[in-house]
Amino acid sequence: MMDFKNKVCLISGAASERGIGFAIAKEFGALGAIVILTDIVEKVYDRADDLNRLGMKSAAYTCDLCNAEKVQNMLEELYGKAKEENADMISYRKQNRKETI
């Protein structure tokens, strides 16, 4: 198993407390990762608070991942704050959501 202690994991679609994104976030947090949650709704901040209450390191951003400029701004801010530039990217999108590549 990989060592995720103090690695930054960016997880999208993590606002629902019963969703797969938040479930993945809890798993990475339990492995010692610094978990960055993103979603388009502000409930994502509540999920970061939930993780922090469990003793995990977490932060949240609201961001529409279909908007390249907003994603770029979020990542620049994230990397500016990070002590390490080592991010493991995990992404979950609902099937009915428009995806752009």
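This report describes the strands, helices and side-chain contacts of one predicted model.

**Strands and crossovers**

Strand E1 covers residues 8–12 and runs parallel to strand E2, to which it is joined by five bridges. The path from E1 to E2 includes helix H1, residues 20–30, and together E1, H1 and E2 make a right-handed β-α-β unit.

Strand E2 also pairs with strand E3, which spans residues 57–62; here the sense is again parallel, over six bridges. Within this pairing, isoleucine 34 stands opposite lysine 57 in E3.

**Burial of the strands**

How many residues of E1 are buried? Five of its five residues are buried, and the strand is mostly covered. The cover extends to both faces of E1: Val8, Leu10 and Ser12 are buried on one side, and Cys9 and Ile11 on the other. Strand E2, residues 34–39, is likewise mostly covered, with five of its six residues buried.

**An aromatic pair**

The structure holds one aromatic pair. Its members are phenylalanine 4 and phenylalanine 28, whose ring centres are 4.8 Å apart; the planes stand at 80°, so the pair is edge-to-face. Phenylalanine 4 belongs to the segment before E1, whereas phenylalanine 28 belongs to helix H1, so the contact ties together parts that are 24 residues apart in sequence. Phenylalanine 4 counts as buried because its relative accessibility is 11%. Phenylalanine 28 is buried as well, with a relative accessible area of 13%.

| Salt bridge | N to O distance | Location |
|---|---|---|
| Aspartate 50 and arginine 47 | 2.9 Å | Helix H2 |
| Arginine 53 and aspartate 50 | 2.5 Å | Helix H2 |

Aspartate 50 and arginine 47 are three residues apart, about one turn of the helix. Arginine 53 and aspartate 50 are also three residues apart, again about one turn of helix H2. Through shared partners, the salt bridges join Arg47, Asp50 and Arg53 into one network.

Arginine 47 is buried, with a relative accessible area of 9%. Arginine 53, in contrast, counts as exposed, because its relative accessibility is 63%.

Arginine 47 has a further contact: it lies over the face of phenylalanine 22, at 5.8 Å from the ring centre. Arginine 47 therefore takes part both in this contact with a ring and in the salt bridge with aspartate 50, while being buried at 9% relative accessible area.

Methods. Residues numbered from 1 in each chain as written. Predicted model: local features only at pLDDT ≥ 70, side-chain atom pairs only at ≥ 80, totals over all residues. Heavy atoms only, no water. Buried < 20%, exposed > 50% of the residue type's maximum accessible area, 1.4 Å probe, protein only. Helix = DSSP H or I, 4+ residues; strand = E, 2+ residues; numbered from the N terminus. Pairing = 2+ DSSP bridges. Right-handed = clockwise from strand over helix to strand, strands pointing away. Phe/Tyr/Trp six-rings, centres within 6.5 Å; stacked < 30°, edge-to-face > 60°. Lys NZ or Arg CZ within 6 Å of the ring centre and 35° of its normal. Salt bridge = Lys/Arg side-chain N within 4 Å of Asp/Glu carboxyl O.
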